[in-house]
Each structure stands twice: as C-alpha cells, then as structure tokens.
Amino acid sequence: MNGLVRGAVETLVNAHVPQECVVVARVPGSFELPLACAEFARRREFCTVIALGCIVRGETTHNTHIANAVFSALTTLSLETSKPIALGVVTAETMEQAAARAGGANGNRGADAAHAAIEMLSLLTSIRAGAV
C-alpha cells in the first residue's frame, strides 16, 4: 500500500470501520478517479468514497487542467449522489513534495481525507435525522 492508502485505511480502522468494509480500487491515473468514484458512489452499499491520488507538475501546465477536471467532477458527483466524496488528491510541484504529503514530513492527505469522510458522514446523518 502506498502512503495515502495506508493513511486512509489506518484512519478508518482506528475509527472502528471493519477492515472488510474498506475497498481499495486502483485506477491508472488521477483523471480516471471520477469515473471509478462514480461507480462506487452510486452503489447502495457504499456510504462514502475517498479519492486518493497524486498530480505532480511536469514541464507543462497539464497538471493544472487534470486537477481542475478531477476536482470539479468529484464535487459534482458528491452533490449528485448526496454522498461525501472525500478529496485526498495531492497536487505538488515535485515528487519530494508529494511524498511529504503522503505520510512524510507534511502529514498524510489520505488520513486527512478519511477523517473528512467520517466527519461528513456524521454531519449528514445528523442533518437527515433532523438533529441539526
């Protein structure tokens, strides 16, 4: 498991989500995340999806276009399905920066995304129960 996935899974397990309820699916690249997330979000048995990935700047601005498309699609998907789609996609200028955000010196965006998913599920449960 890479650092982002490890951080997310550990966070979910520490929050008492049974390991067998955590599904990890790998996609070829960040651009493919929204479609895979959509398939999971539209299935009844999943209450949240955590999108993990990394977009590193290359020689052109291609990374910016990919990041904008991915983030926009994931936001739209969350609103369409009324399910939290937690964003754990790292954007970085270098591989070193990416590693620092995937369990290195700058924390773990995978763990952060899992925490956000848990918090949003709790909030949405309260709102839907009329407790907020």
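Does T81 count as buried or exposed, and at what relative accessibility? T81 counts as buried, because its relative accessibility is 17% and the cut-off for buried is under 20%. The model is predicted.

## T81 and its surroundings

T81 sits in helix α3. Its side chain reaches back to the backbone oxygen of L77, at 2.9 Å. Beyond its neighbours within four places in sequence, T81 is in contact with A41 and R42.

A41 touches V49, L77, T81, K83 and I85, with residues up to four places away in sequence not counted.

## The nonpolar cores

The largest nonpolar core has 14 residues. Those that touch the most other members are C37, A41, V49, I55, L74, L77 and I85. Helix α3 provides the largest share, 5 residues.

There is also a second, separate core, made of 6 residues. Among them are V9, L12, V22 and A114.

## Helix α1

Helix α1 covers residues 3-14, 12 residues in total. From first C-alpha to last, α1 reaches 16 Å. That is close to the 16 Å expected at 1.5 Å a residue.

Both ends of the helix have local detail. N2 caps the N-terminal end of α1. A side-chain oxygen of N2 lies 3.2 Å from the backbone nitrogen of L4. Just after α1, H16 takes a positive phi of about 75°.

The buried residues in α1 are G3, L4, V5, G7, A8, V9, T11 and L12. Of these, V9 and L12 also belong to the second core. Cover for the buried residues of α1 includes strands β1, β2, β3 (102-104) and β4 (107-108). It also includes helices α4 (95-101) and α5 (109-128).

## The largest pocket

The largest pocket holds about 850 Å³ of space. Its lining has 32 residues. V23, V24, V49, I50 and A51 are the closest to the pocket centre. One of these, V49, is also a member of the largest nonpolar core and a contact of A41.

Which elements each supply at least two residues of the lining? They are α1, α2, β1 and α5. Strand β1 gives the most, with 6 residues.

How values were computed:
Residues are numbered from 1 along each chain as its sequence is written. This is a predicted model: local features need pLDDT of at least 70, side-chain atom pairs count only at pLDDT 80 or more; totals for chains, interfaces and linings use all residues. Side-chain values use heavy atoms; hydrogens and water are left out. A nonpolar core is a set of buried Ala, Val, Leu, Ile, Met, Phe, Trp, Tyr and Cys residues joined through side-chain atoms within 4.5 Å. Buried means under 20% relative accessible area, exposed over 50%, partly exposed in between (1.4 Å probe, protein chains only). Helices (H or I, at least four residues) and strands (E, at least two) are DSSP runs, numbered from the N terminus. Contact means heavy atoms within 4.5 Å. The expected span of a helix is 1.5 Å times one less than its number of residues. A polar contact is a pair of N or O atoms within 3.5 Å; within protein, one must be able to donate a hydrogen and the other to accept it, and residues adjacent in sequence count only if both atoms are side-chain atoms. On a 1 Å grid over the protein atoms alone, a cavity is a set of points where a 1.4 Å probe fits but cannot get out, and a pocket is an open set with protein on both sides within 12 Å along at least five of seven lines; lining residues have an atom within 4 Å of a point. Grid points are joined across faces, edges and corners, and a volume is the space filled by probe spheres set on the points.
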